[in-house]
Structures are given as structure tokens and as C-alpha cells.
Amino acid sequence: MLKWPNTTHGQSRFKFMTTEFIQHTDQIRNLNDRFRKGDHSLGRVVATRGVTALCGGLIVNDLLALIRDFDNFNEDNDPHGEHDFFSFTYKGKKLFAKIDYYDPSFSEGSSNPADPAQTGRLLTIMLAEEY
């Protein structure tokens, strides 16, 4: 957790903590991008009933390609810089893709999403109206 620096350490301590935070976020973003682009050894992909119905019962390759190829992340749709949530259109419907972080057994939240040994990623694909 970042804390405001005390006056004895001043700016250098704050700069170190900020650099550490940025590196942590970069690692999470890189892992999320790897996962989203197809490295499913990092987690699982699920779809809601609405998406399954829209796809005729299967998560189809063209839907996964849209998720894999999405690269329009910006401050409005990715305020934390982790590439863990975005929206897109598929077959005329607005969909969301969201990555959550769990422990490797998927029974509780991850204590460190930047560490793949401690984290299983869950990509949920849902209709916007299901959120």
C-alpha cells in the first residue's frame, strides 16, 4: 500500500514507492495482455448465459479474436492501466470482457495479481446488460 512519505525521507522515498507501484501495475498489465491474447495457462475463460445464447452455445473463434486483438485501452476505459476491463460490439450487441484475480484454486481473491504463481485469472465475457 502506498503511503504519503514522511518528511525525513522526503521525495526520494515517494519516488521509490511510486516506481515500485508502476512496476507492479506493468507486470499485471503484461500478464493480462498475455492471457487475453491466448496464454490460457494463466487462467480460465467463461461466458455468461447471454453471450452463450448469442453465440449459439459456444464461445466462437471470432469472438475470442475480438478480445485477443482489442488494443484501444485509454484513460477512460482503463483508468488503472491493467488492461483488465473493456467493452466491444459483437453481432450488434455491446459486450464486456473483465479479468478478475483469484488464488490458483479459484476459491478466493489473489493476494498478488502481479505474481502468476499466486494468481489464476478469470476472463468473463458478458453482455453489457448482464453487468
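What relative accessible area does Asp100 have, and is Asp100 buried or partly exposed? Asp100 has a relative accessible area of 23%, so Asp100 is partly exposed. Buried means under 20% relative accessible area, exposed means over 50%, and partly exposed lies in between (1.4 Å probe, protein chains only).

This is a predicted model: local features need pLDDT of at least 70, side-chain atom pairs count only at pLDDT 80 or more, and totals for chains, interfaces and linings use all residues. Residues are numbered from 1 along each chain as its sequence is written, and side-chain values use heavy atoms, with hydrogens and water left out.

**View 1. The whole chain holds three helices and four strands.** From the N terminus on, the order is α-β-α-α-β-β-β. Helices (H or I, at least four residues) and strands (E, at least two) are DSSP runs, numbered from the N terminus. Of the 131 residues in the chain, 34% are buried. The accessible surface comes to about 8,300 Å². Carbon and sulfur atoms own 52% of that surface. Accessible areas come from the Shrake-Rupley method with a 1.4 Å probe; for residues, only the protein chains shown count as cover.

View 2

View 3. Two strands pair if DSSP finds at least two bridges between them.

**View 4. Strand 4 pairs with strand 1 and with strand 3.** Strand 1 and strand 4 (residues 120-127) run in the parallel sense over five bridges. Arg44 has Leu122 as its bridge partner, and Val45 has Leu123. Strand 3 and strand 4 pair in the antiparallel sense over eight bridges. Here Phe96 stands opposite Met126.

**View 5. Strand 4 is largely enclosed by the rest of the structure.** Eight of its eight residues are buried. Gly120, Leu122, Thr124 and Met126 point one way from strand 4. Arg121, Leu123, Ile125 and Leu127 point the other way.

**View 6. Salt bridges: the structure holds five.** A salt bridge is a side-chain nitrogen of Lys or Arg within 4 Å of a carboxyl oxygen of Asp or Glu. Asp26 joins Arg29, with the closest N and O atoms 2.3 Å apart. These two are three residues apart in helix 1 (residues 10-36), so about one helical turn separates them. Asp26 is partly exposed, at 28% relative accessibility. Asp39 joins Arg34, with the closest N and O atoms 2.7 Å apart. Arg34 is partly exposed, at 44% relative accessibility. Lys98 and Asp100 also meet in a salt bridge (2.7 Å, N to O).
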